[in-house]
Structures are given as structure tokens and as C-alpha cells.
Amino acid sequence: HKAIRRQRQMCIRDRYENYAVGGSFIELFLAPVTAALAVKIHAQIKELKANWLPLIIGTAVGSLASILCVLFMCRLFGFSDTLTVSLFPKSVTTAIAIPISESHGGVSAITVISLMFTGMLGAMFSPVLIKLFRIKNPVAAGTAIGTSSHALGTTKALELGDVEGAMSGIAIGMAGLILSLIHI
């Protein structure tokens, strides 16, 4: 039994070391990306100050709508409480979503998959939905994208315009804060 236990521990350590190598590569790019987004946000500080209330209200309503939709759909389809809790934080950034999910008994792998799916859908369809619903206000568009589809959506918002990208970047953080406060 000791030999098997030791072999498992070595295998887990090897997996973690491989993960750490990949994670450090991603971490290498995280600081420059964050700085670039901060520069975009700072460049739009006047727009942010002029629209702080719609940004807060839009993010709060969007975050609440996301949670209620997950709850409704999970109950409609008879999903377990574990799956429901795993899907709740689907619209916030990974660094916030995983601890929220795990702290309430969710499965982090399911949370990550739902995050990726949500982000990809937001990045793919947000420009189409903005045109379909004739959203002309860049603050509204950016807030909606950042609140619903976190970082992947924000990359698309940055392509749409500087205001959209900055508001989306702010909305990501605010949505994470709102969800954290709701789940305390």
C-alpha cells in the first residue's frame, strides 16, 4: 500500500508541475493584457464618469438576470443542486467563478466548461445581437458584453470600439463583485 500511495503522490506532483509550467506561460501574458485593458479604461475615464450609474445598474441587472436564468433552467430540466451551483457563476471571470462554485459544493470542471462556453458564445454572437437589437450606445453594448461574457466577450468588445472595450472591462470586475456579494 505504501508503494502505491507513494506512486500516486509522485504522479500528482508530476501533473501539478506540468500544470504549473503551462500556467506560468499564461501568467506571463496576464500582466501585459491587464495593463493594456487598464490603459483602454483610463483613456475612457471621462465616459466612465459620465455613465457610472447606467454601468452599475446594467451590470447589477445583467448579473441578477444571469443567476435567475441559470436557476430557472436548472429547475426546469431537473438538474441537481451541485450542477446548479456549478453553473451559477458562468458569466464572471474564472478567478472569481471557481472559488464561488467550489465554496458552495460545485464542481470546478463544470464551472470552467460553462465559462468557456459562455465566453465563446458572447464573443461570437454579441456583434450580431447588438445589431439585431439596434443598440447604438457603446456604453450599453460594452456593459452588456462584459457582464454576460467576461474576458472572451471583452476581446470582442475591444474590436467593436474603445468605449465598448473599456465598459466591458469594468463590467467584468463589477459582475464578479456583485456575484461575490450575492453568494456570501
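How much space lies in the second largest pocket? About 470 Å³ does, in a predicted model where local features need pLDDT of at least 70, side-chain atom pairs count only at pLDDT 80 or more, and totals for chains, interfaces and linings use all residues. Residues are numbered from 1 along each chain as its sequence is written, and side-chain values use heavy atoms, with hydrogens and water left out.

View 1. The lining (residues with an atom within 4 Å of a point) counts 22 residues, and Gly122, Leu129, Ala144, Ser148 and Ser149 lie nearest the centre.

**View 2. Helices around the second largest pocket.** At least two lining residues come from each of α3 (52-76), α6 (108-132) and α7. Helices are DSSP runs of H or I, at least four residues, numbered from the N terminus. With eight residues, α6 gives the most to this lining.

View 3. Look for histidine 150 in helix α7 (residues 138-160). Its relative accessibility is 7%, so histidine 150 counts as buried (under 20% relative accessible area, 1.4 Å probe, protein chains only). Beyond neighbours within four places in sequence, its contacts include Lys90, Thr118 and Ile172 (heavy atoms within 4.5 Å).

Definitions and conventions. Buried means under 20% relative accessible area, exposed over 50%, partly exposed in between (1.4 Å probe, protein chains only). On a 1 Å grid over the protein atoms alone, a cavity is a set of points where a 1.4 Å probe fits but cannot get out, and a pocket is an open set with protein on both sides within 12 Å along at least five of seven lines; lining residues have an atom within 4 Å of a point. Grid points are joined across faces, edges and corners, and a volume is the space filled by probe spheres set on the points.
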